[in-house]
Amino acid sequence: MVPCDFSVGMLGEGKKRRPWLPFTAGDGMRLPFADGVFDAVTISFGLRNIQDTDAALAELYRVTKPGGRVVICEFSEPTWAPFRTVYTEYLMRALPPVARVVSSNPEAYVYLAESIRTWPNQPELAARLQGAGWTKVAWRNLTGGIVALHRGVKPAED
């Protein structure tokens with residue numbers, strides 16, 4: 001396992017907790033790894049923070065061995081329409097004002113709400129994974145679709 005993050009501060013926190021792991025600084029659009037070196041690649045609640053999602057998906061594909069897997073855990077779109085409306089209204093209207101009162105960094109919560117609102121839904125992210133070359137793409141909704149686990153397989157070489 002090779003944890004990789006753009007944030008040196010996050011890497012430092014991880015190193016404190018798991019000093020034996022080879023924490024590596026890296027940009028999700030230009031990963032510092034050779035082609036086809038990982039059996040599996042994962043990213044949790046970070047893909048939407050990378051400026052070019054398609055470049056990141058292509059990089060994950062590049063560093064994965066043929067036959068390897070990708071798993072992405074990310075915020076998504078609630079599946080039940082009435083709940084989706086309430087959730088969206090909560091995120092866009094309630095979270096930022098509450099954060100301004102209780103958080104030392106309220107701008108982060110405004111960004112969080114906006115990044116979730118503009119993020120592709122489950123079928124759209126699946127299509128982007130397929131566009132990057134992944135096959136057997138599927139997803140599983142968690143918490144009514146607030147979060148989704150997307151997965152795919154890099155085709156085995158001929």
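Helices (H or I, at least four residues) and strands (E, at least two) are DSSP runs, numbered from the N terminus. The structure described here is a predicted model, in which local features need pLDDT of at least 70 and side-chain atom pairs count only at pLDDT 80 or more, while totals for chains, interfaces and linings use all residues. Residues are numbered from 1 along each chain as its sequence is written, and side-chain values use heavy atoms, with hydrogens and water left out.

The protein contains five helices and six strands. Along the sequence these elements follow the pattern β-α-β-β-α-β-α-α-α-β-β. Taken along the principal axes, the C-alpha atoms fill a box of roughly 50 × 35 × 25 Å. Of the 158 residues, 35% are buried; here buried means under 20% relative accessible area, exposed means over 50%, and partly exposed lies in between (1.4 Å probe, protein chains only). The accessible surface comes to about 9400 Å², and 57% of this surface belongs to carbon and sulfur atoms. Such areas come from the Shrake-Rupley method with a 1.4 Å probe, and for residues only the protein chains shown count as cover. A contact means heavy atoms within 4.5 Å. Among the contacts with a separation of 6 or more, 60% are accounted for by residues 24 or more positions apart.

Four strands form an open sheet in the order 3-4-6-5, with mixed pairing. Strand 3 (38-44) and strand 5 (135-142) stand at the edges, each with a single partner strand, so one side of each has no neighbour in the sheet. Neighbouring strands are turned against each other by 10 degrees on average, direction ignored. Two strands are said to pair if DSSP finds at least two bridges between them. Strands of a sheet pair through backbone hydrogen bonds, either parallel or antiparallel.

Each pairing may be followed in turn. Strand 3 pairs with strand 4 (residues 64-75) in the parallel sense, over six bridges. The bridge partner of S44 is C73 in strand 4. Helix 2 (residues 53-63) packs on the sheet and touches strand 3 and strand 4, and its direction makes about 145 degrees with that of strand 4. For such angles, axes are lines fitted to C-alpha atoms, for helices over the stretch in contact, and the values run from 0 to 180 degrees between N-to-C directions. Strand 4 also pairs with strand 6, in the antiparallel sense and over seven bridges; in this pairing E74 stands opposite A148. Strand 6 pairs in turn with strand 5, again antiparallel, over six bridges, and here R140 stands opposite L149.

I43 lies in strand 3 and counts as buried because its relative accessibility is 19%. Leaving aside neighbours within four places in sequence, I43 is in contact with I50, L60, V71, I72 and C73. I43 and P3 are 40 residues apart in sequence, and their C-alpha atoms are 9.8 Å apart in space.

R151, found in strand 6, counts as partly exposed because its relative accessibility is 42%. Not counting residues up to four places away in sequence, R151 touches V70, V71, K136, V137, A138, W139 and R140. The C-alpha atoms of R151 and A138 are 5.6 Å apart, at a separation of 13 residues in sequence.

Most residues other than glycine have a negative phi, and most peptide bonds are trans. F45, in the loop between strand 3 and helix 2, has a positive phi near 50 degrees. With 35% relative accessibility, F45 counts as partly exposed. Strand 5 and strand 6 form a hairpin with four residues between them, and T143 in the turn has a positive phi of about 50 degrees. T143 lies in the loop between strand 5 and strand 6 (147-153) and is exposed, with a relative accessible area of 59%.

P123 is partly exposed, at 47% relative accessibility. P123 and H150 are 27 residues apart in sequence, and the distance between their C-alpha atoms is 9.8 Å.
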